[in-house]
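Here is a short report on one protein chain. Look at the structure first, then read on.

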Amino acid sequence: MMKDSDNYDLREEYDLSQLPIRPKGRYDPARRQGRNIVVLEPELAAAFPNDEAVNEALRLVIQLAQVPRREASASGAS
């Protein structure tokens with residue numbers, strides 16, 4: 001049994017200027033919402049085999065940035 005929506009004829013020509021242009025794939029803003037997509041340089045990508053390795057390294061950088069630094073003492077070691 002054939003549905004009515006399956007019974008249609010193709011036109012000889014279509015006016016493509018009337019078609020809405022919608023981003024698809026990675027260019028679709030809705031797809032990227034709430035995500036950060038970062039492209040690493042080849043030498044960095046080689047050092048990090050997967051996303052978890054990158055996340056772990058970035059967590060370490062954040063922890064190191066929060067460690068208070070000791071000021072050089074006046075009697076100090078210069």
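Start with the surface. Tyr8, Leu10, Tyr14, Leu16 and Leu19 together make a nonpolar surface patch of about 630 Å². The model is a predicted one. One member of the patch, Tyr8, sits in the segment before helix 1 (29-32). Tyr8 counts as exposed because its relative accessibility is 58%, and exposed means over 50%.

**The whole chain**

Now step back. The protein chain has 3 helices and 0 strands. Read from the N terminus, its elements run α-α-α. How much of the chain is buried? Buried residues make up 0% of the 78 residues. The accessible surface of the chain comes to about 8,700 Å². Carbon and sulfur atoms account for 52% of that surface.

**Between the helices**

Next, find Leu40. This residue lies in the loop between helix 1 and helix 2 (42-47). Which residues does Leu40 touch, leaving aside its neighbours within four places in sequence? Leu40 is in contact with Ala45 and Val54. Leu40 and Val54 are 14 residues apart in sequence. In space, their C-alpha atoms are 9.9 Å apart.

**Helix 3**

Helix 3 covers residues 51-66, which is 16 residues. At 1.5 Å a residue, helix 3 should span 22 Å. Its end C-alpha atoms are 23 Å apart, so the two values agree.

Look at the start of helix 3. There, a side-chain oxygen of Asn50 reaches to within 3.2 Å of the backbone nitrogen of Glu52. The side chain of Glu52 has a partner too: Glu52 and Arg59 meet in a salt bridge. The N to O distance is 3.4 Å. Why can such a pair form? Side chains of opposite charge can pair when their charged atoms come close. How many salt bridges does the whole structure hold? A search finds 1.

**Accessibility side by side**

The table gathers relative accessibility for some of the residues named above.

| Residue | Relative accessibility | Class |
|---|---|---|
| Tyr8 | 58% | exposed |
| Leu40 | 33% | partly exposed |
| Glu52 | 42% | partly exposed |
| Arg59 | 47% | partly exposed |

Glu52 counts as partly exposed because its value is 42%. Arg59, at 47%, is also partly exposed. Leu40 in the loop counts as partly exposed at 33%.

How values were computed:
Residues are numbered from 1 along each chain as its sequence is written. This is a predicted model: local features need pLDDT of at least 70, side-chain atom pairs count only at pLDDT 80 or more; totals for chains, interfaces and linings use all residues. Side-chain values use heavy atoms; hydrogens and water are left out. Helices (H or I, at least four residues) and strands (E, at least two) are DSSP runs, numbered from the N terminus. Buried means under 20% relative accessible area, exposed over 50%, partly exposed in between (1.4 Å probe, protein chains only). Accessible areas come from the Shrake-Rupley method with a 1.4 Å probe; for residues, only the protein chains shown count as cover. Patches are made of residues with over 30% relative accessible area and no salt bridge: like charges are joined within 9 Å, nonpolar side chains (Val, Leu, Ile, Met, Phe, Trp, Tyr) within 5 Å. A salt bridge is a side-chain nitrogen of Lys or Arg within 4 Å of a carboxyl oxygen of Asp or Glu. Contact means heavy atoms within 4.5 Å. The expected span of a helix is 1.5 Å times one less than its number of residues. A polar contact is a pair of N or O atoms within 3.5 Å; within protein, one must be able to donate a hydrogen and the other to accept it, and residues adjacent in sequence count only if both atoms are side-chain atoms.
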